[in-house]
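Keep the viewer open as you read.

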Amino acid sequence: MLTLLGLWMGWCHWAQADARQDVVDVPTRPGVTVRLLVLTPEAPKLTVLLLPGGHGGLQMGRSGSVAWDAGNFLVRTRLTWAEQGAVVAVMDAPSDRQSPPFLAGWRQTPEHLADVRATLAWLRRQTAQPVWLVGTSRGTQSAAFVATELDGPDAPDGLVLTATILSDAKGRAVPAMPLGRVKVPVLVVHHAQDGCSHCPPSLAPTLLDQFTQAPRKQFLVFSGGDSVGDPCEAMSHHGFRGIEGDVVGQAMAWMRGAGN
């Protein structure tokens, strides 16, 4: 019942957003494609490539349906980003990672880097606009890794990290990456009550200090909303439940300003 209600609300929201929806398979490596759900509003101001958290395997259908999203913050707010004036591309795991463990343990590999690089280039050709890389939770490990590895025309035009992975005993958390290499604007977004053990709010403010070459940078901290279930899942403060519109609105406002 909740799923059906969510779908109904999503389609109502879609009508209000007045954005075109396309599903595209982008070639990224020999014999490999990445499927994107692309939303294009009227008169867009910039483009965002959204990298979901968790294992990242949305198993997206040709219609844009997803077999898994767990209510992921970026997946469920895709229409809100479009309403705020962004061309939105939601990125699935690549065609050779469409079964478990999907992107788990694979987000900091040369293959993943190649997939995101090719997708950024495709979006830039299609939209002729700045393309920002936006990650949430485990997606921040992808986004930050890519931003540290790409430079010049291959690099994203900006980086947004929401609910950043700040501690990870089984892998490399974002603060352990060479963030001083990043030369584009950086926005860090966190919830003051994020209860996930990988994302302690006390460590979030100092993360920005490591982006020593970012021409502009900002830390936005939010509070409020509500929290249900596992503190590391998307329906908790970790996923900005109940304050999604405020988070996306403030992020987009800053991004538009930083791009000028």
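How much space lies in the largest cavity? The answer is about 80 Å³. Please keep in mind that this is a predicted model.

## The largest cavity

The structure has two cavities of 30 Å³ or more, and the largest of them holds about 80 Å³ of space. To find the largest cavity in your viewer, select its lining: Leu 51, Pro 52, Gly 56, Met 91, Asp 92, Ala 93, Pro 94, Leu 103, Arg 107, His 112 and Ser 142.

Strand 4 (residues 86-94) gives the largest share of this lining, with four residues. Sorted by class, the lining of the largest cavity consists of six nonpolar, three polar and two charged residues.

## The second largest cavity

The second largest cavity has a volume of about 30 Å³. Around the second largest cavity you will find Leu 37, Leu 58, Met 60, Gly 64, Val 66, Val 75, Arg 78 and Val 90.

By class, six residues in the lining of the second largest cavity are nonpolar, one is polar and one is charged.

## The overall build

Zooming out, the protein has seven helices and eight strands. Its radius of gyration is 17 Å, close to the 18 Å that the globule rule gives for 260 residues, so the protein is as compact as a globular protein of that length. Along the principal axes, the C-alpha atoms fill a box of roughly 40 × 40 × 40 Å.

What percentage of the 260 residues counts as buried? The figure is 53%. Among contacts with a separation of 6 or more, 75% come from residues 24 or more positions apart.

## A look at His 190

Now for a single side chain to inspect. Where is His 190? This residue sits in strand 7 (residues 186-191). Is His 190 buried or exposed? The relative accessibility of His 190 is 1%, so this histidine counts as buried, the cut-off being under 20%.

Leaving aside residues up to four places away in sequence, His 190 touches Ala 163, Thr 164, Leu 166, Cys 199, Pro 200, Pro 201, Ala 204, Phe 219, Leu 220, Val 221, Phe 222 and Phe 240. Showing these residues together with His 190 gives you a handy view of its surroundings.

Methods. Residues numbered from 1 in each chain as written. Predicted model: local features only at pLDDT ≥ 70, side-chain atom pairs only at ≥ 80, totals over all residues. Heavy atoms only, no water. 1 Å grid on protein atoms, 1.4 Å probe; cavity = no way out; pocket = protein on both sides within 12 Å on 5 of 7 lines; lining within 4 Å. Points joined across faces, edges and corners; volume = space filled by probe spheres on them. Helix = DSSP H or I, 4+ residues; strand = E, 2+ residues; numbered from the N terminus. Nonpolar A, V, L, I, M, F, W, Y, C, P; charged D, E, K, R; others polar. Rg over C-alpha atoms; globule rule 2.2 N^0.38 Å. Buried < 20%, exposed > 50% of the residue type's maximum accessible area, 1.4 Å probe, protein only. Contact = heavy atoms within 4.5 Å.
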